[in-house]
Amino acid sequence: MKIVVCVKHVPDVQSERRLEDGRLVRGEDDVLNELDENAVEAAVSLVEEHGGEVIALTMGPEGAEDALRRALQMGADSAVLVSDEALAGSDVVATARTLAAAIRRVGGAGEGTGDVDLVVTGMASLDALTSLLPGALAAELRVPALTLATGLEVHDSDLVVTRTVGAVREVLSAPLPALVSVTDQANEPRYPNFAAMRAARRKPLETWDLAALGLEAPSPAVSVLCDRQRPARGAGTIRTDAGQAGRELAAWLVENQLV
């Protein structure tokens, strides 16, 4: 099997994040998106079971190479960074088109996925939490999308996933090639040992720009018109219920136009 796992380099959720000129500031305490560790683990586990290779793929500035290094330490065989100044500020549409072009190049195809059998992503990136990329990327590649999987297996030429929707457990299948996004319940990501970290240094990591993919600078469909810092949370008001708390709460909701 040939699997491409898409990862992202994001600001640490514990760090102080901020916007400048409508863009999230990157390069300060950035890490591999935690939810993408489950995607890497899923891809590596499938290859350990069925044979093949895992290619880690990301789009971002030069510093995003660190996320790929982490994926290589976790067991990916090679990595590709798509980096171009023209991609700064890309929305999910532009990102999906760029990643799709990179996947087609990895698979040696003018369209579709070529010899790439499976694309694996995390359920969301912790910088924006939109969860839009898996569906958008599958649409660009014209392959089935099985999202929010809590478990996945490959049987012959079919991908079979399980997922939970409310109290319902679903089992879905689709023929390969396909795309799957996995949740943080899908597995327990491995922690690379020293030998894996050292071996990762020798694994190939390529950097491609838009010209290498045959793409022009994208025109984002969405842009930030303005941004402002969220005000600090003030002290709350404690009321002791003397039989009027319900009416006071209702009046407060009406006064603040919350109903």
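R69 is partly exposed, with a relative accessible area of 27%. In this predicted model, R69 forms a salt bridge with E65, and their closest N and O atoms are 3.6 Å apart. Both residues belong to helix α2 (residues 65-73); because they are four residues apart there, about one helical turn separates them. E65 is partly exposed as well, at 28% relative accessible area.

Salt bridges that share partners also join E41, E48 and R190 into one network. R190 is partly exposed, with a relative accessible area of 28%, whereas E48 is exposed, with 55%.

Another salt bridge is formed by the side chains of K2 and D115, at 3.3 Å from N to O. This pair links distant parts of the chain, 113 residues apart: K2 lies in strand β1 (residues 2-6), and D115 in the loop between α3 (92-106) and β8 (118-122). K2 counts as buried because its relative accessibility is 14%, under the 20% limit. D115, at 42%, counts as partly exposed. The count of salt bridges comes to six.

The surface also has a nonpolar patch. L249, W252, V254, L258 and V259 form this patch, with about 560 Å² of accessible area together. One of these residues, W252, lies in helix α7 (residues 245-255). W252 has 45% relative accessibility, so it counts as partly exposed.

Methods. Residues numbered from 1 in each chain as written. Predicted model: local features only at pLDDT ≥ 70, side-chain atom pairs only at ≥ 80, totals over all residues. Heavy atoms only, no water. Patch = residues over 30% accessible without salt bridge, like charges linked within 9 Å, V, L, I, M, F, W, Y side chains within 5 Å. Areas by Shrake-Rupley, 256 points an atom, 1.4 Å probe, with all protein chains shown as cover. Salt bridge = Lys/Arg side-chain N within 4 Å of Asp/Glu carboxyl O. Helix = DSSP H or I, 4+ residues; strand = E, 2+ residues; numbered from the N terminus. Buried < 20%, exposed > 50% of the residue type's maximum accessible area, 1.4 Å probe, protein only.
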